[in-house]
Amino acid sequence: MEQSAKKRIGFIDAMRGMTMFLVVVAHVMTFGLGINAEKSILGSVLITFRMPVFFLISGFVAYKTIEKFSTRLYFSTIWKKIIALLIPTIVFFCFACIIKGGNPMSEFMANGFKEYWFMIVLFEIFLIYLTFSLLLKLFGAKDIAMDIVLIALVVLSWYFYFYKFFYINTGIRRVFSIGKLVNYFQYFAVGVFFRKYWQQIHTFFRKDLVKTLAIILFSVLMIIIWKTHWTASNILAYKIIHDVVVRYMGLIVFFMIFLTNEEYFESNGKFSNILKLIGKRTMDIYLIHYFFLPDIKFLTPSLTGNINIVLEILVVVVMSALIIGVSLGVSYILRRSGFLAHYLFGEKR
């Protein structure tokens, strides 16, 4: 969700915008309708790739060769991340707790930053990535060394996630979202690899065979999981299949949709521009939209069940579009103040 000062890539902004829209859709379902992802076909599909895409994009725009790192760049970048990620999270988290009549410190010690966990995990990932990049630079390592480090860190995160059960957030792990960190670091690493080896990736994912296999495998696995309601008969096998294989297939399918239409998203088409606008303001929307999620659980009985999937999509899409529109309006007003734009959304002063 980071904003980049570099030349923006149209399809990346559009993909980020669509992903933000799907995040709001998921939150309308979960917090507004009270429908857990596993109880809905739409939710079951979205949960596979929604957050992984955000971390992939963050890694994609974060990539730099080791040669570009320096001690000064390291500390200046960390400070920028504090301004862009930590301070806005703390401010909005405290504001949300106070509105709900809670105590921010008590809530934090019990549950961490709750809905704003993404911002904290992203900061932790940046801290890890930047620290290793600087260390490799200081030791005179070649750029390939970063590939090895990232692969090693992904393997280590899998170990903690699958064999140490760090997806169960309790105690200090809950406070600092460590379970989310070990789960989502891999997608940030994938984003770094995508940017580093972009020519090869670009060619590979435009091959019709790759697109066909990814779509078929993702569809078949989703049908099997949904129809059999397979969850915890073998928790390790389920986590590997659902949290790795299915998520990567969903991520690849979603990525390919935007990659194969990159010419359109570089244009000034109306739909393209809307998605790119949302993509440029994803952090604003993420921070603000929680305050406008409606309680519409009275509609839930009419929407549950396979036969009402079209009605469910219609309700959550319309509601999500309204919430995003309001969030962008609030963002626009707040950004009229340079001080608020800087400390609420990380905008350069």
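**Exercise 1.** In which hand, left-handed or right-handed, does helix 2 pass helix 8?

*Solution.* Before starting, note that this is a predicted model, in which local features need pLDDT of at least 70 and side-chain atom pairs count only at pLDDT 80 or more, while totals for chains, interfaces and linings use all residues. Residues are numbered from 1 along each chain as its sequence is written, and side-chain values use heavy atoms, with hydrogens and water left out.

Step 1: locate helix 2 at residues 41–62 and helix 8 at residues 178–196, where helices are DSSP runs (H or I, at least four residues) numbered from the N terminus.

Step 2: the two axes come within 6 Å and cross at roughly 45°; axes are lines fitted to C-alpha atoms over the stretch in contact, and angles run from 0 to 180 degrees between N-to-C directions.

Step 3: helix 2 and helix 8 are therefore oblique to each other (under 35 degrees counts as roughly parallel, over 145 as roughly antiparallel, 65 to 115 as roughly perpendicular and the rest as oblique).

Step 4: the crossing of helix 2 and helix 8 is right-handed, a term used if the near helix is turned clockwise from the far one by less than a right angle, anticlockwise being left-handed.

**Exercise 2.** Find which residues of helix 1 and helix 11 make their contact.

*Solution.* Step 1: helix 1 (residues 10–32) and helix 11 (residues 235–259) pack at an angle of about 135°, with axes 9 Å apart, and that angle makes helix 1 oblique to helix 11.

Step 2: on the helix 1 side the contact (heavy atoms within 4.5 Å) is made by Phe11, Ala14, Met15, Met18, Thr19 and Leu22, and on the helix 11 side by Phe254, Phe255, Phe258 and Leu259.

Step 3: sorted by class, this contact of helix 1 with helix 11 has 9 nonpolar, 1 polar and no charged residues; Ala, Val, Leu, Ile, Met, Phe, Trp, Tyr, Cys and Pro count as nonpolar, Asp, Glu, Lys and Arg as charged, and the others, Gly among them, as polar.

**Exercise 3.** Determine where lysine 114 lies and how exposed lysine 114 is.

*Solution.* Step 1: lysine 114 has a positive phi of about 50°, although lysine 114 is not a glycine.

Step 2: lysine 114 sits in the loop between helix 4 (104–111) and helix 5 (117–138).

Step 3: with a relative accessible area of 34%, lysine 114 is partly exposed (buried is under 20%, exposed over 50%, partly exposed in between, with a 1.4 Å probe and protein chains only).

Notes:
Helix = DSSP H or I, 4+ residues; strand = E, 2+ residues; numbered from the N terminus.
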